[in-house]
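Reader: I'm new to looking at protein structures. Could you walk me through how to read one?

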Amino acid sequence: MFGAGGGTSSYKEVEETDVILLWGSNAREAHPIYFHHVLKGLEKGAKMYCVDPRRTSSAKFADMWLGINVGSDVALANAIGREIIASGLTNDDFIAHSTEGFEDYKAHVENYTLEATELLTGVPASAIKEMAHAYGSAETAQILWTLGITEHHNAVDNVVALCNLALLTGHVGRWGSGLVPLRGQNNVQGGGDMGALPNKLAGFQDVVDDEARAKFEALWGHEINPTPGLHLTHMFEAMDRGELTAVYVIGENPADSEADIEHARKLLRGLDCLVVQDIFMTRTAELADVVFPASVAWAESDGTVTSSERRVQRVRKAVNAPGEAKDDIEIIGELARRMGVDWGNPTSEDLWDELRSLSPLHAGMSWRRLEDEGGLQWPCPSMDHPGSPFLHGWLWEDDLGGRGPAPFSCVDDDPPIEQLTDEFPLRLTTGRALDSYNTGVQSGGFNSPIRYGDELDLNPTDAAGLGIENGERVLVSSPRGSVEMNIRLQPDIPVGLSFTTFHFPELVDTNVLTTDQYDPRSGTAEFKAASIRVDKLAASGGLNA
Amino acid sequence: MPDLSFTDDVASAGEKAVVDEVLAVAGTAVIFETDRLIRAGLARRNERRDLLLPALHALQKESGWISPGGLNYACDQLQVPPAEGYGVASFYELFRMEEPEHEGDVVHVCIDAACQVAGNEELAQRLEAEGNHVHRGPCLGQCERAPAVFIQGLRKPDSVPADADNPLAFHQQGDPSLRLLHRLGVVDPTSLGSYLENGGYKALAKAVEMGADAVIAAVRDSGLSGRGGAAFPTGIKWRGVADETGRPRHVVANCDESEPGTFKDRILMENDPFSVIESLIIAGLATGAERGWIYIRGEYPLATERLQNAIDQSRQSGYLGDDVIRSGKRFDIEIRRGAGAYICGEETALFNSLEGFRGEPRNKPPFPTTHGLFGEPTSINNPETLVNVLDIVVRGADVYRETGTERSPGTKLFCVSGHVANTGIYEVPFGTTLGELIDLAGGATGEIQAVLMGGAAGSFVGPDAMDLPLTLEATREAGTTLGSGVVMVFDTSVNMTEIVVRITEFFRGESCGQCVPCRVGVVRQHETVVELTQKGTLEPVKAQLIDDMAMAMADASICGLGHTAAGALQSALRLGLIGGSQ
Amino acid sequence: MTVADKTVSGTKVSITIDGQPVEVDQGQTILDGCRSAGVDTPTICYADNLTPVNVCRVCVVEVDGNRTLVPSCSRPAEEGMVVHTDSDRVRHSRKMVLEFLGSGVDLSQATEIGPWMDHYGADTARYGESPEGMNETVKIQDDLYIRDYDKCVLCYKCVEACGDDAQHTFAIAVAGRGFDARISTEFDVELPESACVYCGNCIGVCPTGALQFKSEFDMREAANWRPEEHTVTTTVCSYCGVGCNLELHVQDDTIVKVTSPADHSVTSGHLCVKGRFGWQYVQPPTRR
């Protein structure tokens, strides 16, 4: 990667781009209002290519859907890169001026011929070629992705393989071209902005960087541990090894959302001390030693969130929190006080101003400006800076903004860790439905007329082979466990693939099935690729038989 | 382009087959290339949307209605949202949205003015007594042979019984002064050879020789104006389209003749179809359009058949296709059938209908010359206007102008119906008086009470108007209109109240419903007239209301339907034909 | 369907509105000009976040050289145009449009239309005892929406918001013709059977209360809807990371409705089902 931390482009840009690669993202359902911007682009004539194992509702808007084998994204990206090079569609000036490692990359992708890649990905060679030419010859083009790229054991490889394509063609760092990872949660970007990452301080400053750390230490009057911390998946491993014995969970529900869920719950139960701060008595909270009832961040307290286009926006208190629930700032402040430090009673704006003094990305975003200008996109280093619609414009500057060239990365196809076997012959992938969200803690609050529950989507051909009918209740098993589910026949997914959502853990513990394999660099689990088998209940005798 | 959602209703095998047939040439909007590669997208969907109307016709014919399963299938193949498909289908008179209780054909009997005075209700009752399923509906464009009947076939072609029985209602055969109708009754309308023997395709050859600009100049110099009612100068329209270089352009023949009392284009198309094709080709070459379209009303099966035959024969002989008579120009014509909607005669409503949308007029500007069919530059003319061009090209603008008056050059077709001896189509020079025209039609068969000029969208004149010269300028000055050439004569035996009530009901039935002044105005107008007939007199407040409504409809409606919907009523009140004298 | 491009370039166009010189950007409409000149203009079918369909005709103005009145919402301003917004003809047509609507439609909740009816002296009584109306009953087919087409003025806004101006779901369209035209699903199937995804964007643009959130409808039925007491607070949706602005309408310290600002760059006033309805978890019995 040639920078960090956020999507390169503004939403408005996808309205004005020529070619869209929607890759591992069902934005129509998972990011519906972003998809409105995509639709405006399509209405203006943009061509869209959708790469997804399923023909999702998003894919139905595409000029072409390419039904890729789960987890073969690197192979497809490398083949596109090879085809772009072979067809002379590279932006040679850009490559020479702004990148490094092109020759290595060119040699590396040489093996990814169209024919070889068809075998790896399941996508017809002609379609790979067509998409490569569309992307390579477009004036402007954007690659959009979501968890279909990142919920794999080789998530980082997947991302850099896509970044390589932008570097080949110069589709980054200018209006209309870019790389857009869509954030799945309303403030996952803001959490990163604020340093809620194991290896970062606020503003994406490295915790190992002595100079950066010194700045924070000077203000806070306290030494900061220079060793990067653990991300979530590593925390569970540390719990497993008995090294991590106390956990403070704020606004997460790992007892429902982790892959291989039974194992995760066992680890949480085994902790010496579990503190949960949440607005609900979640399943995780039920396991806790101490629960802090919190206020709803976006409706009962003031603050900011950052969106997928790096736009920092204000959230505001509209109603009072019920009962003993307190603002997160207040809870943490009280906790500090009990630990012997008095931070006073800072307002949200006080904390924001502290952040601005430490994070150059946010320095120009005064509370007033955030109010008046409908949010601002970082970087916004000074009060007279208008904010940044897109990132990496420096790639097009004569001196590269004083930075080094952006490196190509050589990555290889690396199929899902859990291979299909005779015992577990079906690939299971997971995703979101339009009207529901994660484990349903929030979205369960309203009666959606279009909610159908966590059913297992299966191609009619596979179902026929198993003698299973639409709506039939079946036993679904992975190497980790079994759940009962209802079958929904779905011609929009290819033979050999199955799909489910994970919104109703109290009804179907989908994550009993998923694997806890993960990418050690990003910490993201391979939710997108488990292996399962489906049995008729009559034959198996049922889960409780 | 959307992620469509369908109900569980499934099409029958027959419904699938007829829809597939419609889509055979273009292919479906989604292509399932392999189980890992599917092509779709906005472009494919937009390119096929205009097949929705033909697909609906096919479903109606196959099942006698637009069934939910059939609609689902057509919408899926074309990627049209089913709610939109339903919105389009339910717009048209000829499409049933509920399963019919009867099996078999639907017999349409006209209930508009010319048929009202010719015993239409007696006919309808007789047909019902014979076991037919009768649908009483608006004008069928056969006023010269009222009362009119049209049969919508179930799994067989639509038909008009009178096409088999009646001789051509044309009484000027052999008149050497005819400029437009000289081939009627002479030429074999099914034969290209016969057309050529009677001077056919000479104008096209000359037009190619002259070149596009010279043809447009001749049309402009001739003073030809549109014969549909609006009288816009044809040469200016063609010039406008021709100037839109670099964009695909279209020429459209507006054959959706639906104004009550109007049947001239039908008789022309049925009896000299090649002349319509030839003139449309000239329009295409002159404006630089490569695609010509004929939008013809669904109630005209014979004219449709003859035009299609003329197109096929002309294409075989090189008058249509990639190299029109070796001119190096490409031009071809497609026919689309309307489905029973008066409003689709309005040019922009026609475009929407042809494109597969509801036949709702567009706001103008922008005008069709820049934003017409498919949003592209379009010249749209009716058949009568088009065939004038043949004469203009062959004889030149100067000779053309020798007929008619200075401001209304040339000849005009009139549809004479009602109480005259010889109902039918007449071609006379502009400037002929109303009395002369009626005399030409054998004179009135009784004492004239009133004459409806220009159709439902026109107005009544009294027996004192026989000296009115039939020109654009003179009729406008007299507060009436030539409109589409309707001259419908009512003798003193007619209860004019019934006629006027029906005209207001006609507009109520035919308003597209889009704009408020027209959608509500035509209903309140009808209610007010019905109340008048019940009370026998028109209270002053109601008279004021009628005028208030008329002014708002004329001022604020989107299109000509609303603009003209009060004209006949107001003229009838002025003449004291209804509501007692004012 | 084709609409005129509304592109704004740098060039300016000078027009005259009621004798007052007004400058607008090339591509802006007469309505834009009226607004910048401070000329209050009634609109029903127009919304800033939808393509003008110019069907209600209440915004018509008189433009010199035009035979009929023109809809100000969709007509681009042209250099030298002389516009009259308060002539006898304009006042007459606006009054008649409002009378026509009031004569057949329940406008009791059309809070923006009522004052204009008074302004133009619309007299719906002169259409007699019982002019034909919509004759519809309230459709309640799920827990989120109600549809009361007795209140529908056929402004097309809901169809546009459901269709290609925003949501691209096309669950509803105009069906039928003339006075019988209605907003409908295919064959009038119930909403949960249709393509509807409950984004609520149709309700968001409805000017008359014909489309309403069921929660609001129930509160109105219970005589407990008190909009004059509402506070409206803008915040950001709590679901995915797109950052949609929400306006929380609060009555008695309780969220009662969610909208989005039409001028917000992220949403243009449109939301998804989660943003529109997903707030209820804040105040279920388990928390309050």
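This is a predicted model: local features need pLDDT of at least 70, side-chain atom pairs count only at pLDDT 80 or more; totals for chains, interfaces and linings use all residues.

Reader: How many residues of chain B and chain C are in contact?

Author: Contact means heavy atoms within 4.5 Å. By that rule, 64 residues of chain B meet 52 residues of chain C.

Reader: And what area is buried between chain B and chain C?

Author: The size of an interface is often given as the accessible area lost when the parts come together. Buried area here is the accessible area (1.4 Å probe) that two parts lose on being put together, summed over both. For chain B and chain C that comes to about 4600 Å², with carbon and sulfur atoms giving 59%. Arg519(B), Arg524(B) and Asp555(B) supply 14% of the area that chain B buries against chain C, more than any other three residues.

Reader: How many salt bridges are there across the interface of chain B and chain C?

Author: A salt bridge is a side-chain nitrogen of Lys or Arg within 4 Å of a carboxyl oxygen of Asp or Glu. The rule finds five between chain B and chain C. One of them pairs Glu510(B) with Arg177(C), whose closest N and O atoms are 3.2 Å apart. For chain B and chain C, the count is 24 residue pairs in polar contact (both at pLDDT 80 or more).

Reader: Which element gives the largest share of the side of chain B that touches chain C?

Author: Helices (H or I, at least four residues) and strands (E, at least two) are DSSP runs, numbered from the N terminus. On this side of chain B, α4 (68-78), α5 (82-89), α21 (496-510), α22 (516-535) and α23 (540-556) each supply at least two residues. The largest share, nine residues, comes from α23(B).

Reader: What about chain A and chain C: how many salt bridges are counted there?

Author: Zero salt bridges. Still, 56 residues of chain A are in contact with 52 residues of chain C, and about 4100 Å² is buried between the two chains, 61% of it on carbon and sulfur atoms. Ile33(A), Trp298(A) and Phe446(A) lose the most area on the chain A side, together 17% of what that side buries. The rule also finds 22 residue pairs in polar contact between chain A and chain C (both at pLDDT 80 or more). As for elements, α3(A) gives the largest share of the chain A side, eight residues.

Reader: Which domains does chain C have?

Author: Domain bounds come from an automatic or database domain assignment. For chain C it gives domain 1 (1-131), domain 2 (134-225) and domain 3 (226-288). The centres of domain 2 and domain 3 of chain C, taken over C-alpha atoms, are 20 Å apart. Their contact takes 18 residues from domain 2 of chain C and 14 residues from domain 3 of chain C. Together these two domains of chain C bury about 1300 Å², of which carbon and sulfur atoms give 60%. In domain 2 of chain C, Asn201(C), Phe213(C) and Trp225(C) lose the most area to domain 3, together 43% of what that side buries. Across this interface the rule finds one salt bridge, and Lys257(C) and Glu216(C) meet in a salt bridge at 3.4 Å, N to O.

Reader: Now a helix. Why is α16 of chain B described as largely enclosed?

Author: Buried means under 20% relative accessible area, exposed over 50%, and partly exposed in between (1.4 Å probe, protein chains only). Seven of the eight residues of α16 (347-354) of chain B are buried, so the helix is largely enclosed by the rest of the structure. Among them are Leu350(B) and Phe351(B). The cover over the buried residues of α16(B) includes α3 (52-63) and β6 (250-255) of chain B. After α16(B) comes Gly356(B), whose phi is positive, near 95°.

Reader: Last one: is Glu309(A) buried or exposed?

Author: Glu309(A) is buried, with a relative accessible area of 2%. Glu309(A) sits in the loop between β12 (303-306) and β13 (311-315) of chain A. Leaving out residues up to four places away in sequence, Glu309(A) touches Ser9(A), Ser10(A), Tyr11(A), Gln377(A) and Val266(C). A polar atom of the Glu309(A) side chain lies 2.9 Å from the backbone nitrogen of Tyr11(A), and a polar contact of 2.9 Å joins the side chains of Glu309(A) and Arg311(A).

Conventions:
Residues are numbered from 1 along each chain as its sequence is written. Chains are lettered from A and ligands numbered from 1 in the order in which they are written. Side-chain values use heavy atoms; hydrogens and water are left out. A polar contact is a pair of N or O atoms within 3.5 Å; within protein, one must be able to donate a hydrogen and the other to accept it, and residues adjacent in sequence count only if both atoms are side-chain atoms.
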